[in-house]
Amino acid sequence: MPPVLTELASLLPWVYAVALVPAALVAAGRTGALWRPARLAGYAGFALALAALLQAALDSLENDRLGLAMTTLVSLLALVIIEFSHRYLDGEPGQRRYVLALLGTLASVALVVTSGDLYLLVGAWIVSSLCLHQLLTFYRDRPMAQVVAHKKFLASRLADLCLLLATVLLVRAAGGSEIALILEQVAARQDSGGALGWDLQLAAMLLALAVILKSAQLPVHGWLIQVMEAPTPVSALLHAGLVNLGGFLLLRFAPLLSAAPAAQTLLVVVGGLTAVLAALVMMTRISIKVRLAWSTCAQMGFMLLECGLGLYELALVHLLAHSLYKAHAFLASGETVLQARHQALQARRPAPRLRSLLLALGLAGLGITLLHQLWLHWLPTHPLPLEALAIVAVGLAPWCLHRGGLAHGLTMLILLLGLYLLWHLGAAWILGADATSGAHSLYLTLLALGLFAALYLVQACIVARPEGVLARRLYPAAFAGFFLDEHFTRLTFRLWPPRRPGLPVNGERS
């Protein structure tokens with residue numbers, strides 16, 4: 001019997017949708033009464049998610065744990081963003097448009113993560129993008145906001161087209177639109193010993209392409225970086241919620257991706273290159289929100305790379321952690337300047353040398369070796385995710401070494417990696433049968449490790465020698481974003497130019 005979502009969790013989209021009615025009927029100028037339905041929906045949605053978790057714990061049926069985890073995440077983010085928006089927009093005109101678009105976005109996102117029907121999921125996916133467009137263009141008198149939202153609109157419509165084509169192929173192959181039925185059909189073809197047919201292979205490719213477009217990967221990433229004219233809570237909703245829907249879609253269809261090598265290759269190549277280039281560009285940025293936007297672009301690239309390698313447990317941990325972190329980072333971005341001033345008044349630590357950063361690589365290898373032996377002793381029947389552990393260890397080792405000496409850094413690294421392994425086991429339990437490692441080839445693993453090692457070494461050289469030859473030669477191209485967005489921008493302006501506020505398309509005043 002396929003996993004099912006609890007009845008309480010399936011009600012979450014209706015909580016936000018029902019709140020649209022009283023919010024739309026509130027008289028103009030009564031901002032207090034306008035926000036009351038939205039705030040009530042935020043608290044009711046979070047309470048409903050907690051009740052759904054309790055119901056799942058007491059229920060004997062096999063529940064959709066991934067859907068429950070995403071439902072809890074969405075309800076928590078919705079509650080925080082609604083409360084923050086209420087204070088942030090105090091005194092601003094156009095709050096009715098904002099509340100209605102926000103509730104519509106939350107309702108459609110909740111429907112994406114709770115729907116068991118593919119057609120319904122795709123419809124909610126499209127509606128969430130259209131509602132988000134209204135939030136991104138909240139300040140309608142700002143030309144840059146309109147231009148960037150237009151670029152995002154075109155990229156999202158391409159993603160919708162790919163997803164619709166993939167849906168038609170999947171429904172045709174399975175004979176129904178239920179997601180559980182589609183995944184059962186994929187498993188049946190694998191159990192029969194044959195490879196997936198051309199229809200499912202093409203559907204997996206289109207699904208991966210739709211996620212790439214939706215997750216602002218190169219070269220269509222520019223809108224995510226430039227859409228800073230929107231209110232800060234909208235940025236938090238976008239970077240912590242909407243962009244992560246691509247990762248959720250890949251996790252939902254993990255069995256399909258695991259049997260489609262071409263789709264896995266596409267995710268590893270595009271996600272890996274995006275992660276490397278975006279991480280380098282982020283080092284050249286000063287603006288707080290722009291740095292966070294480039295960080296999101298890189299994080300989404302890493303998440304796609306993880307899914308391409310079949311590391312679905314790591315991708316789920318990454319998705320949940322990134323959503324919570326990025327929501328907090330954007331909502332607390334106003335305090336970053338104050339924190340930077342406090343740090344400037346304190347004694348500055350010397351920049352790490354290249355030798356220390358290379359030593360961190362050895363520290364990561366030593367930590368993995370020790371944990372490998374402990375894992376084989378305690379859990380010999382459960383495979384150790386060495387690739388995932390290597391990614392986490394290389395990322396944490398420099399920070400651990402910078403916090404103390406070699407012995408202290410190794411101890412801290414072992415503790416953090418052990419904590420990650422606990423999270424990994426929890427993610428495997430949430431994913432259940434979907435946590436099947438993809439049958440990716442060796443060259444994909446080597447490609448991913450090569451990209452990750454290259455990024456680490458380049459960043460280590462730049463941090464250790466910021467005035468060196470490599471930093472001076474790489475900085476102009478990185479500061480320009482490697483000139484990748486310009487080509488997509490020119491193409492969008494040529495095919496479908498945006499209309500600027502107060503000006504028609506041809507540039508003549510109306």
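Predicted model: local features only at pLDDT ≥ 70, side-chain atom pairs only at ≥ 80, totals over all residues.
Residues are numbered from 1 along each chain as its sequence is written, and side-chain values use heavy atoms, with hydrogens and water left out. Local features need pLDDT of at least 70 and side-chain atom pairs count only at pLDDT 80 or more, whereas totals for chains, interfaces and linings use all residues.

Buried here denotes under 20% relative accessible area, with exposed over 50% and partly exposed in between, for a 1.4 Å probe and protein chains only. Beyond its neighbours within four places in sequence, Leu256 is in contact (heavy atoms within 4.5 Å) with Leu170, Val186, Leu196, Leu200, Ala204 and Leu207.

Leu257 belongs to helix H12 (residues 254–258); helices are DSSP runs of H or I with at least four residues, numbered from the N terminus. Leu257 counts as buried because its relative accessibility is 0%. Its contacts, apart from neighbours within four places in sequence, are Ala204, Leu250, Ala263, Gln264, Leu267 and Tyr312. The C-alpha atoms of Leu257 and Leu207 are separated by 9.0 Å, although these residues stand 50 residues apart along the chain.

Helix H2 (residues 31–58) has 28 residues and reaches 41 Å from its first C-alpha to its last, close to the 40 Å expected at 1.5 Å a residue, where the expected span is 1.5 Å times one less than the number of residues. Buried residues of H2 include Trp35, Pro37, Gly42, Gly45 and Leu48. Their cover includes helix H1 (12–25), H3 and H4.

Three cavities of 30 Å³ or more were found in the whole structure. On a 1 Å grid over the protein atoms alone, a cavity is a set of points where a 1.4 Å probe fits but cannot get out, and lining residues have an atom within 4 Å of a point. The largest contains about 120 Å³ of space, and Val74, Leu77, Val109, Ala240 and Gly241 lie nearest its centre among 16 lining residues. Helix H3 (65–88) gives the most to this lining, with five residues. The second largest cavity contains about 40 Å³ of space and is lined by Leu132, Lys152, Lys214, Trp223, Leu238, Leu242 and Val243.

Technical notes
1 Å grid on protein atoms, 1.4 Å probe; cavity = no way out; pocket = protein on both sides within 12 Å on 5 of 7 lines; lining within 4 Å. Points joined across faces, edges and corners; volume = space filled by probe spheres on them. Helix = DSSP H or I, 4+ residues; strand = E, 2+ residues; numbered from the N terminus.
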